[in-house]
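Here is a walk through a two-part question: how are the chains built, and how do they meet? Have a look at the sequence and the model before reading on.

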Amino acid sequence: MITASPKLVSKIPSGPIESRWTRHKDSLKLVSPTNKRKFTILVVGTGLAGASAAASLAELGYNVKAFCIQDSPRRAHSIAAQGGINAAKNYRNDGDSVWRLFYDTIKGGDFRAREANVYRLAELSVNIIDQCVAQGVPFAREYGGLLDNRSFGGAQVSRTFYARGQTGQQLLLGAYGAMMRQVEEGRVALYPRREMLDLVVINGQARGIICRNLVTGQLEAYAGDAVVLCTGGYGNAYFLATYAKNSNATAIWRCYKRGAFFANPCFTQIHPTCIPVTGDYQSKLTLMSESLRNDGRVWVPKKKGDTRPPNEIPEDERDYFLERRYPSYGNLAPRDIASRAVKAVCDEGRGVGASGRAVYLDFSDTIREKGLDYIKEKYGNLFEMYQHITGEDPYKVPMRIYPAVHYTMGGLWVDYNLMSTIPGLFVLGEANFSDHGANRLGASALMQGLADGYFIIPYTIGDYFASVSLPKVSTDRDEFRDAQASVEAKLKKLLAIQGKKTVLEFHRELGLLLWDYVGMARNAQGLQHAIEKIRALRQEFWQNVQVPGSNDMLNKSLEMAGRVADFLELAELMAIDALHREESCGAHFREEYQTPDGEALRNDEKFAYVAAWEYKGDDQPPELHQEPLIFEFVKPTVRSYK
Amino acid sequence: MNKKKMTLHLKIWRQANAQAPGRFVLYTVKDLSPDMSFLEMLDVLNEELTKKGELPVEFDSDCREGICGTCGFVINGVAHGPRRGRTVCQLYLRDFQDGQTVTLEPFRAKAFPVIKDLVVDRSAFDRIMAAGGYISVDTGSAPDANSILIPKEVAEAAFDAAACIGCGACVAACPNASASLFVSAKIAHLALLPQGQPERHRRVLKMVAQMDKENFGNCSNHGECEAVCPKNISIKYIALMRRDYLRALLAK
């Protein structure tokens, strides 16, 4: 039985879904313009969510301090998003609507997201495009000057807006520009090369953060009236992922340990089209945008162990397995489904390339029909990137691709106002769990980050300020000193171990464990094994890690050591969550729960809930809290793309 | 896949902090795969140094796919190294010769002080952007996206300029350490679009003033910036910036 936890108050409004957000906004309390300047908001992370939040909150008159680990806020990993951003503009006249984007996203997430949140996201999607165009984002256009669109996975309409293969870059530079304008106005103070290492909670409210200045090593304390975490996902726990090298879970993890619940940690997205691993020196994986599946066809040879070059394999000896298994969506099947299908053909021994862990993504039909220039214009930079990395020319030979870790749907639990279980701690973008359920559709991450930052937090944070009492606090208080002392002790401990294994070696080992047992396919035995192994590895880490250098300098090894220490804890929670969820849904595929034809088998009766985990101490198991998912407008069905 | 292993000799600039004097130190890294990226090779070196109890070589990198603009240093005298149109993180060992000696030093410019080893401070770029590298539009006040018609050619041209990743290679390559390519790319991106017109004059005046304040040198048309730009940003934008600057001065 699913029992609603009294600790999870979702604040989801009631009534018709179309008007929920509007009515909710009307019911939120306001802070007058003159009073706004009395509040200080600490925004951590400056990707799409963080930069758009910092800009919008500062425009309203709040004092904002913005922190990022990069040397410039413009470099946050949103910059690397390639394909596009969804919006229900229906500019194509192809039947799109807010309802349809909502429905596709709920279904795409395998009915493990909240209806009200997803509807709001779809509703706000149209405002995002307007905002970004006004900022000068150079979206792709048609000859008549109107905006162009393309299709992404899990949709039968064309609703994705794009700027070549650099949509994330252009959107982030737009948000960064808006934030820098507020820096110039004196409303945003920027703190680059700062890593948040702890949250300061006073009288149950989030009132500050402890950061390490990454240049000097100094610990710095900042007080505020609210903390807005926009620190991204935790996919780098797997070591090999499409994330940037510095993406990490430390901020959200340390908030978890201060009392913020962590929701659905096992929901991790493995993206089907990435450049395959070439060697054990590999430091990261590179995505090839989903947009390529608009014009590329995925196939493997029908015969096992067929080592002929692709152009020598005749048409009737090829298996276009996505088109065969999912005829109505074809190559645009959603990510979780496509990834599993790729894994399945490789497991059968029909994979290609030196490792046999790859499939072809072939553009030759489109090149023949529409010409080379068409492909060059649409995907030129992606093709170039592929060629740089592999040394092969994808205009001549098909790309070889394989799934890789790309995004995490799980994250800190938030209510409808994007506030965590710690009052005053708001969580935006990939760092929260809220909108994508068990699988995120392509081109929806940019949409969510910007919806949260531009259009949700500016409303909801004011309601918080107007509803609670926030006495002034200074960083002299014991809570700040204690938090700083515990951070310092941890850093010193890491440096003092002086063991024999490097941070990188531990991280690689952890990554392999997660990939093998908490990856594309999971089972109870494997998960139990993984939990034991992770615990042992964590123990070994704290006895045998070698961190060079000292704390009073730029020391990237020390930065990484802290992050890997946190990944070693989070990994266990991911496995615990995966073990407890005895069903398959979206990206969470438990081998024990599948249909005869290998599709995910959900168990709505037992698992139609958000699993929110509460930290109970380092030597105690976390406590599970359930937030039931109630579907009033969409009936959960077997998710079919056939 | 190439199976033959490679050896590289690396002459790397080591500098403990901004105040300390720096020097080149020679390292040899063996058994490298040609399919390895250049930064992965530095990862290997750093693992070896760590195991020997020495301090690893600090360098900035993040996305490792050429878009974030975090990485960048000078390889054999060329910012971002031997391959045109690529960042350091997009170099592979197959771009180098087995047994080659490779010199690595930080981007050098008065406006980019060295923080440590190959890491430099490029925050001057952020201050230039704060001065005016945007269109002033508050959240929520935008008209419908399709109410602004932008011909495809114009959108594409604006995009070409907007592709700048702010890595700073242009400054490092310029004999005068000028930031003109970086600044003009943003000015051109916004000047080419209809949305950018209202603030066009104000923007160019403010950004250029900030650039001068940051101790960047003047542009004297060497063109080295364009040659090292990983995004192939054209120096024609510098001409556009100058025209706009003059017009803005005259209009004042």
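## Before you start

This is a predicted model, so a few limits apply: local features need pLDDT of at least 70, side-chain atom pairs count only at pLDDT 80 or more, and totals for chains, interfaces and linings use all residues. Residues are numbered from 1 along each chain as its sequence is written, while chains are lettered from A and ligands numbered from 1 in the order in which they are written.

## Chain A at a glance

Chain A comes to 17 helices and 21 strands; here helices (H or I, at least four residues) and strands (E, at least two) are DSSP runs, numbered from the N terminus. With a radius of gyration of 24 Å, close to the 26 Å that the globule rule gives for 642 residues, chain A is as compact as a globular protein of that length. (That radius is taken over C-alpha atoms, and the globule rule is 2.2 Å times the number of residues to the power 0.38.) Along the principal axes, the C-alpha atoms of chain A fill a box of roughly 75 × 60 × 50 Å.

Buried residues make up 61% of the 642 residues in chain A. A residue is buried if 20 or more other C-beta atoms lie within 10 Å of its own, exposed if 12 or fewer, and partly exposed in between, with C-beta atoms placed from the backbone. Take the contacts in chain A between residues at least 6 apart in sequence: 74% of them join residues at least 24 apart. Two residues are in contact if their C-beta atoms, placed from the backbone, lie within 7 Å.

## Two domains in chain A

The domain assignment of chain A gives domain 1 (271-405) and domain 2 (478-617); such bounds come from an automatic or database domain assignment. The C-alpha centres of these two domains of chain A lie 31 Å apart. Their contact takes six residues from domain 1 of chain A and five residues from domain 2 of chain A.

Which helix gives the most to the domain 1 side of that contact in chain A? Helix H9 (residues 335-347) of chain A does, with five residues. By class, the domain 1 side has two nonpolar, one polar and three charged residues. For these classes, Ala, Val, Leu, Ile, Met, Phe, Trp, Tyr, Cys and Pro count as nonpolar, Asp, Glu, Lys and Arg as charged, and the others, Gly among them, as polar.

## A closer look at strand S14

Strand S14 (residues 359-362) of chain A has Val359(A) and Leu361(A) pointing one way and Tyr360(A) and Asp362(A) the other way, and all are buried. Strand S12 (residues 297-301) of chain A pairs with S14(A) in the antiparallel sense over three bridges. S14(A) is also joined by three bridges to strand S15 (residues 399-408) of chain A, again antiparallel. (Two strands pair if DSSP finds at least two bridges between them.)

Tyr360(A) takes part in both pairings: Tyr360(A) is the bridge partner of Trp299(A), and Arg400(A) in S15(A) is the bridge partner of Tyr360(A).

## Chain B and its sheet

Chain B has eight helices and seven strands, and 52% of its 252 residues count as buried. Its C-alpha atoms fill a box of roughly 60 × 40 × 35 Å, taken along the principal axes.

Five strands of chain B form an open sheet in the order S2-S1-S5-S3-S4, with mixed pairing. Strand S2 (23-32) and strand S4 (78-79) of chain B are the edge strands, each pairing on one side only. Strand S1 (residues 6-14) of chain B runs antiparallel to S2(B), and eight bridges join them. Leu10(B) stands opposite Tyr27(B) in S2(B).

The domain assignment of chain B gives domain 1 (6-116) and domain 2 (123-251). Between them, 18 residues of domain 1 of chain B are in contact with 16 residues of domain 2 of chain B.

## Where the chains meet

The contact takes 67 residues from chain B and 67 residues from chain A. On the side of chain B that touches chain A, H1(B) gives the most, with seven residues. The residues of that side of chain B divide into 32 nonpolar, 17 polar and 18 charged.
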